[in-house]
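Please read it alongside the structure below.

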Amino acid sequence: MFNVVLFGPPGSGKGTQSEKLIEEYGFKHLSTGDLLRKEMKEGTPLGLEAKSLIEAGKLVPDSVVIGMIDAALEANPDVPGFLFDGFPRTVGQAEALDKLLQGRQWHIGIVLFMQVNEEELIKRLVGRAKTSGRLDDADPEIQKKRQDVYKQETLPVAEYYAQKGMVQKIDGEAAIEVVYGRITAVIEAAKA
Ligand code: AP5
Ligand code: MG
């Protein structure tokens, strides 16, 4: 099993690249953002709890997302690998993921760190707001909040993995296909 963590700020292209990667490699895509939006749409208690936090640009509690990931790992024992998108987002989540994988004798093959400057990130999310229906895209203040939360709470996760020598930086400022080529080159080298 080869597991990938796709890491980067809001708007860096994690979801976009995930779609292509799952098609090519058969990964099981685990986007905590997508899973939470599904709960919101279905109006579950978890979705209702998450809604106010997501729409304010804040993170939902670690225990909530860790529980969702644990359940997804348990439900998919036979996949060729997992593609974690938007998770882990705090050092606590990264530590929990290590434990969840170790307990199953799995591990992370590579952490891909998408590099995109903030001006471009905001531009992309403003563009996406027109079609995504995501309330956290539409409001410039919430967008700013998401970038701030990323810097304060999520960026330390990159350092956590860098200390273990697991991080490969990907220049995410190019056409989608070009970025995809950069990602697959790194995955192929890591798998070899
Ligand atoms: P989540 O859904 O994970 O959102 P995010 O991290 O804010 O990232 P985005 O989905 O906005 O961006 P992306 O990197 O996927 O970019 P995309 O490919 O769409 O999380 C949402 C919320 O849920 C969080 O704020 C939090 O509240 C909660 N949450 C989720 N996970 C959590 C966790 N683990 N712990 C706690 N809370 C959690 O691309 C963006 C746009 O750019 C698109 O329009 C795309 O077409 C365009 N684009 C992509 N690539 C390119 C390119 N190369 N050139 C030009 N345009 C491009
Ligand atoms: Mg996304």
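Which residues form a negative surface patch? The patch is made up of Glu19, Glu23, Glu24 and Glu188. This is a predicted model, in which local features need pLDDT of at least 70, side-chain atom pairs count only at pLDDT 80 or more, and totals for chains, interfaces and linings use all residues. Residues are numbered from 1 along each chain as its sequence is written, chains are lettered from A and ligands numbered from 1 in the order written, and side-chain values use heavy atoms, without hydrogens and water.

**Negative patch**
- Patch residues have over 30% relative accessible area and no salt bridge, with like charges joined within 9 Å; areas come from the Shrake-Rupley method with a 1.4 Å probe.
- Helix H1 (residues 14-25) contributes the most, with 3 residues, and glutamate 24 is placed in helix H1.

**Largest pocket**
- The largest pocket holds about 1000 Å³ of space.
- Its lining has 47 residues, and Gly11, Lys14, Arg128, Arg134 and Arg146 are the closest to its centre.
- A pocket is an open set of points on a 1 Å grid with protein on both sides within 12 Å along at least five of seven lines, and lining residues have an atom within 4 Å of a point.

**Salt bridges**
- The whole structure has 16 salt bridges (a Lys or Arg side-chain nitrogen within 4 Å of an Asp or Glu carboxyl oxygen).
- Glutamate 177 and lysine 20 form a salt bridge at 2.6 Å, N to O.
- Because glutamate 177 lies in helix H9 and lysine 20 in helix H1, the pair ties together parts 157 residues apart in sequence.

**Backbone**
- The peptide bond from phenylalanine 87 to proline 88 is cis, with omega near -5°.
- Glutamine 105 has a positive phi, near 60°.

Technical notes. Patches are made of residues with over 30% relative accessible area and no salt bridge: like charges are joined within 9 Å, nonpolar side chains (Val, Leu, Ile, Met, Phe, Trp, Tyr) within 5 Å. Lys and Arg count as positive and Asp and Glu as negative; His and the chain ends are not counted. The place of a charge is taken as NZ of Lys, CZ of Arg, CG of Asp or CD of Glu. Helices (H or I, at least four residues) and strands (E, at least two) are DSSP runs, numbered from the N terminus. On a 1 Å grid over the protein atoms alone, a cavity is a set of points where a 1.4 Å probe fits but cannot get out, and a pocket is an open set with protein on both sides within 12 Å along at least five of seven lines; lining residues have an atom within 4 Å of a point. Grid points are joined across faces, edges and corners, and a volume is the space filled by probe spheres set on the points.
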